[in-house]
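Good morning. Please have the picture open while I talk.

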Amino acid sequence: MSTSSTHFLELLAREASAVEFEGPIIQARAAGADAATIEELERAKIEALKVRALLRRRARREAELSALYDTAGDLAALRDLDAVLEAIVHRARQLLATDTAYMTLHDPERGDTYMRVTDGSISAKFRALRLAMGAGLGGLVAQSATPYATADYFADARFRHKHDIDEAVKEEGLVAILGVPLRLGQRVIGVLMAADRSARPFHQEEVSLLASLAAHAAVAIDNARLLQETRNALEELSSAHRTARAHAEAVERAALAHDRMTSLVLRGGGIEDVAAVVTDVLGGSLAVLDDLGRPIAGPLDGAVGELDAGVFEAAQASRALGRTVRRGDLRIASVDVGGEPLCTLVLRSDDADERILERAALVCALLLLFRRSVAEAEGRVRGELLDDLISRPGTPGLTDRARRLGVDLGAPHVVVAARHDGQRERAAFWASSHAAVRHGLAAGRAGEVVLLLPGDDAGALAQRVAAELSASLGTPATAGASRAGDLAGDGAGNRSGDVAGDVAAAYREARRCAEALIALGRAGDGASAAELGFVGLLIGEGRDVHGFVRSALGPVVDYDARRGTALTGTLAAYFGTGCSPSRTAEVMHIHVNTVTQRLDRIGKLLGDGWSEPERALEIQLALRLHRLGHTSTP
């Protein structure tokens, strides 16, 4: 090996710059070497430079392959897409030795590309840049799916320059730009670019290198998409599994609760027992309400009255939808039959299992329907007996039939006739239920219901029936009443006590009382003949004159009998003189002050309002009957 070759090998070994390869030639010339020696050195220099270029290309290729290998490794261990894309852009900048590198991705919703990752950027406007398809270099690469490079972007007429893009590029200070497409099959999903802030050409191997990195980036993006879709699918599958398992558990739980409720019903349990099962399973507190919103069982928090407007609307919605409806912290399940509400369950609980509440509502509805069917059947039997007592009082065996129904006709009873406007079925059902509870009888007729109830206070029973039936119907019901067994006496207070034989007469009087109340403008009220004053005397079946006089005038007559006074005569004279104290004094030959004192005493005995026209009329009629001798003082 010649000395010249040794020099060039040493230069190659220490990776000297291209300028240093001129050194041996310069030294030879300085030493006076001949032309042949100089020519040989020139040939050796050229060969050495070729070897140097080959070594540099191989070193560069090795660095590129190492970068691509590292990128592939990053993809294999893909955990964070952003980190992988940032690494690819950073390696592109390093391998191409550019001032900056960046990546844009396609936005399918807006139809343009947006800046996804940058490395070496200094401009906020540039990092926020969006490029329309075909606009600028990046937009043209995205549209054409072809790499483009320019040594001087602003002097290159191939690109459609737009003001906002050029402003951002100028702010970043970029001049030379290379862009290659990110492709997935035939679809371009973005652009990978490298750029310098001074003019420079981009060689083919640089384009190929950037394209290789772009391919890795596309794979990373697609892998991330597939990984995310897989994760989403797994999460959906897991969620579906959890939902299915929860649904199965809820169904099994509801079935067990339904079995418990069914078993209770078969053993003769009632609505209270069903409510207890619901609260045992779901916790919280529960109210079962009837068709009018009144508690049947388990008042919620111990204080549930009628449904308020919000819960009432929720109950209507529940019946319309056939499922539970929520109002605040309450859950409402309501059931209807033939469009008419039957029962409503109102639950306050943290447990959201609505199936159990809905099944409980159905079980309660079935129990109520069963009760209603039994009540209707029993009501028909009781109604037929009452009809016979009214229409065929002499029919044999009426007392025995009553006894089998739990009705003792040997005890005092009251007949109540309640007049109402429509809703015949509801009124008949209420009357039948009320009579069954009170161990009485009930019958429904056109426009009225008739009840035979144990008791002896006809007026109080009439008022109670009128009030409760009016509340049930939502419209006024007017009730008249009469004691059965009080109307077959001798007219002097001696009563027969024959309930079975006197129901017809009591019914006629009770009906006249109801009609009288309506005529007097007292619809919705209840009274017996005794509460109707002289009107009661006129319509009463037995015309109890003694009772009327006692009711209107008794305290005054009793006072005269005890004290030997003349209050009764003074009162008769007072009314006879047109209610004039002075003229009364003249008629009775006493001082007017005495008349005043006697009238004050009468007022205390008869109570306030005794001189009002209606009351005064009753007192005057009682005075006339008393004077005519139709009654005697005790």
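**Charges and cysteines**

Glu448 and Arg419 form a salt bridge, with 4.0 Å between the closest N and O atoms. This pair connects distant parts of the chain, since Glu448 sits in strand 14 (residues 448-454) and Arg419 in strand 12 (residues 413-419), 29 residues apart. By salt bridge I mean a side-chain nitrogen of Lys or Arg within 4 Å of a carboxyl oxygen of Asp or Glu. Strands are DSSP runs of E with at least two residues, helices are runs of H or I with at least four, and both are numbered from the N terminus.

A word on where this comes from: the model is predicted, local features need pLDDT of at least 70, side-chain atom pairs count only at pLDDT 80 or more, and totals for chains, interfaces and linings use all residues. Residues are numbered from 1 along each chain as its sequence is written, and side-chain values use heavy atoms, with hydrogens and water left out.

Back to the pair. Is Glu448 buried or exposed? Glu448 is buried, at 2% relative accessible area, while Arg419 is partly exposed at 24%. Buried means under 20% relative accessible area, exposed over 50%, and partly exposed in between, using a 1.4 Å probe and protein chains only.

How many salt bridges does the structure hold? There are 16. One of them joins Asp400 to Arg403, with 2.7 Å between the closest N and O atoms. Both residues belong to helix 12 (residues 398-404), 3 residues apart, or about one turn of the helix. Asp400 is partly exposed at 38%, and Arg403 is exposed at 53%.

Arg200 and Asp196 also meet in a salt bridge, at 3.1 Å from N to O. Here Arg200 is buried at 16%, and Asp196 is buried at 7%. Elsewhere, salt bridges link Asp107, Asp112 and Arg130 in a network.

Now the cysteines. A disulfide is a covalent bond between the sulfur atoms of two cysteines. The cut-off used here is a pair of cysteine sulfur atoms within 2.5 Å, and the structure holds 0 disulfides. For Cys343, the nearest cysteine sulfur belongs to Cys364 and is 5.5 Å away. Cys343 is buried, with a relative accessible area of 1%. Cys513 is buried too, at 0%.

Last, helix 20 is where Arg601 is placed. Arg601 is partly exposed, with a relative accessible area of 34%.
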